Structure formats: structure tokens, C-alpha cells
Amino acid sequence: MSTIEQAAKRLEEMRRAAAEPNLADAGNPAGSLDAAPTPEALVRGMPSRTQARSPFVGSPGAGSATPRRASPFGQATRPRLDIDFAALKRNAFLTPDAPQSPIADEFRIVKRPIMRNALGPAKVRNGNLVMVTSSLPGEGKTYTAVNLAMSVAMEYDTSVILVDGDVAHPDVPNILGSPREPGLLELLTDSSLSINDVLVPTNVENLAILPAGAQQGRATELLASAQMHKKLNELSARYADLVIIFDSPPLLPTTEARELATHMGQILMVVGADSTQQHAVKLALTAIEKCDIVLMLLNKAAKTDIGSYGGYYRYGTPRG
Ligand SMILES: Nc1ncnc2c1ncn2[C@@H]1O[C@H](COP(=O)(O)OP(=O)(O)OP(=O)(O)O)[C@@H](O)[C@H]1O
Ligand SMILES: [Mg+2]
């Protein structure tokens, strides 16, 4: 029996049990309980995955079908970025074409509480603004932010904006090949620019990138400005059903990350397992204590305690 036939059989059983009354009509318009829907009719009755998913359609170069619901990025004007999945894979990143990999499994665990806080029934204030940070450089912030964004984008019905918030040392362009500017900093300084002018749609249907922007000396002041506060509140409200992930600088050696943290609904604190001392982590946590939701992620740990995968992550809250 083919997969479709098996699915049809299962659906028919459910229909008989009245578990899914609407599905009875998909392949059986007459509504007779005796005639099973044909597999072809069931497939016809299903919503198009591509159409339902992509929020980036309408952008030049997006090249996808028209979405059913209005696209939040329908007005984005920049060309689509084609992310090189093979290059990502070579560097141990998660890619949407490998949903069964160990890293995909690890990030399923990482993303669940974040998505719940961002979009669930008990979502927290500005919970869809998620900052990925660490105490010190090199602990895996960008690696985590990119993978988390990929993982969320692989959800059936959730979209994500990856913001390169490490404005002094933007690394997302090196990994995803995205343009450096214009981006966040221009959005803060040029009142003629809108989010649609800076957002970069990608070949991952549910993922767009907001670059850091051109480097400049006033970056910290800009991130601390009232304009930043306004823009982030706007972003959070306008894209309330999206997850917005900020790659960011480390907390201890910079002030930018602390400024960014004041706007966030959730913070994912990456801790390099073998490199970061406890007192550095404690100090960093005090810098972000105003944020109600701080999740800790132990990166590059030799072994996890969350399952049998010999993966990289442990996960928990500092107060838990
Ligand atoms: N779990 C992991 N598995 C494999 N490689 C990793 C992992 N975590 C980090 N890396 C690699 O380690 C290096 C440093 O990671 P990354 O650039 O993400 O750190 P960072 O905290 O963003 O650094 P910076 O503070 O300089 O921005 C990169 O080459 C990254 O690909
Ligand atoms: Mg980085």
C-alpha cells in the first residue's frame, strides 16, 4: 500500500470515528460514510504548503506562488538571497534539506520553549524578540542564532527574521552570504527607510535577514536610542506572529549587547562549555537581569543530558 493510500485509509478511519468531520468533504463531496475518499481527492483538498508558508512572496526574485494570507513581507524590495546550503552543511550548520540530522534534533529542543514564549497562548511581552548572546567572544552566538533561525523557519507555519545585531563585528554575512548594508543602523538613522527597504528575503521561504548596516562609531548610542526602542516595538507588534532572532555581541567586553538586551522579550545565553568560567557567566547574567526570560545553552559540551544524542547542547534556565 502506498503512503498516500495508507494516509487515505487512516483518514477514512478517523472520519468514521467523527474525529475530523471536515475531512469527509475533501474527497467525498456527497458526504457518504461508505465511500472512502480517493487519495487524489485528498491531496487536492489539502492546502498548498508552499502557498500557505511563504511570507516573503511578492519580493522581487522571491519566485514563489502567491500566499493565501497577506504577506508581512509582501512589500520587501531587496532581491532574494540564495543561501548556499552545501557550504552551510560543510561548516556543521543546520540546513532545511536535512531535517532528520542530529543538529536538527538538537535545535528542535532549543527552539520549543522559545517559540512557546514568543507565540504560544501564554506568550510574554515582546517574547518574539529573542536575543542570542554570551559572556565572552567566540562561545557560539552566531552559530546558535543562525541554526535557531533555520530551525524556526523549518516550522510549517512560523516565519523568522534573523537580525544581525552584532553591529561592530557582523558575522552573518560571512556565514549566509548576506549583504552587510543597509540594515539595522540605517533604519535607525535614515527616517526615509522602512523595514521593507532593508529586509533581505531568502531561498528559505520563511526566513528573512535584517543586516547590521554600515559600521559606525555611534553604534552603542544608536542601539540605546529612543528611536531603537520605537523601531523594536514596531517590529515586535507588526510581526507579532514571527520570531525575530538577534545575533549579538558578547555581554562582558561590549556595551552594545547590554543595550540590545534591554529591548528583548527573551535572551538565549550561550555558554562555551570548556572555555567560559563560572564567574564570567554570573557577571554576564547580572547585565541582563532585567529580562524576565533568560535561557541558558551550554555549547560545545561533549555530552548532553537531554537524550541519547551525543550532541552539543545542554539547556536550562539560570534560575531553574
Ligand atoms: N556547536 C558547534 N558546533 C560546531 N561548530 C561550532 C559550534 N559552536 C560554535 N562553532 C564554531 O565555533 C566558531 C565560533 O562560533 P561563533 O562565531 O558562533 O561564536 P560567536 O560567539 O558568535 O563569536 P563572536 O563573539 O566573535 O561573535 C565558529 O567557527 C563556529 O562555526
Ligand atoms: Mg558572532
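**Asking around a predicted model**

User: Which helix is Ala145 found in?
Analyst: Helices (H or I, at least four residues) and strands (E, at least two) are DSSP runs, numbered from the N terminus. On that scheme, Ala145 is found in helix α7.

User: At what pLDDT do side-chain atom pairs count here?
Analyst: Residues are numbered from 1 along each chain as its sequence is written, chains are lettered from A and ligands numbered from 1 in the order in which they are written, and side-chain values use heavy atoms, with hydrogens and water left out. This is a predicted model, where local features need pLDDT of at least 70, totals for chains, interfaces and linings use all residues, and side-chain atom pairs count only at pLDDT 80 or more.

User: Is Ala145 buried or exposed?
Analyst: The cut-offs are under 20% relative accessible area for buried, over 50% for exposed, and partly exposed in between (1.4 Å probe, protein chains only). Ala145 sits at 0% relative accessibility, so the label is buried.

User: How far apart in space are Ala145 and Val130?
Analyst: Along the sequence, Ala145 and Val130 are 15 residues apart. Going C-alpha to C-alpha, the gap between Ala145 and Val130 in space is 9.4 Å.

User: What does helix α7 give to the shell around ligand 1?
Analyst: Near means a heavy atom within 4 Å. There are 13 residues around ligand 1, and Gly140, Lys141, Thr142, Tyr143 and Asn299 come nearest. Helix α7, residues 141-153, supplies the largest share of that shell: three residues.

User: How many charged residues are in the shell around ligand 1?
Analyst: Ala, Val, Leu, Ile, Met, Phe, Trp, Tyr, Cys and Pro count as nonpolar, Asp, Glu, Lys and Arg as charged, and the others, Gly among them, as polar. Sorted that way, the ligand 1 shell has four nonpolar and four polar residues, and its charged residues number five.

User: Which side chain does Lys111 join in a polar contact of 2.7 Å?
Analyst: Lys111 belongs to helix α6, residues 102-119, and with 4% relative accessibility it counts as buried. Its side chain reaches the backbone oxygen of Ser151 at 2.9 Å. The side-chain partner of Lys111 at 2.7 Å is Glu155.

User: Which residue in β4 stands opposite Ile161?
Analyst: Strands pair when DSSP finds at least two bridges between them. Strand β2 (residues 159-164) runs parallel to β4, joined by four bridges. In β4 (residues 207-210), Leu207 and Ile209 on one side and Ala208 and Leu210 on the other are all buried. Opposite Ile161 stands Ala208.

User: What is the bridge partner of Val200 in β4?
Analyst: Strand β3 (residues 200-201) pairs with β4 in the antiparallel sense over two bridges, and a hairpin of five residues joins them. Val200's partner is Ile209.

Methods: A polar contact is a pair of N or O atoms within 3.5 Å; within protein, one must be able to donate a hydrogen and the other to accept it, and residues adjacent in sequence count only if both atoms are side-chain atoms.
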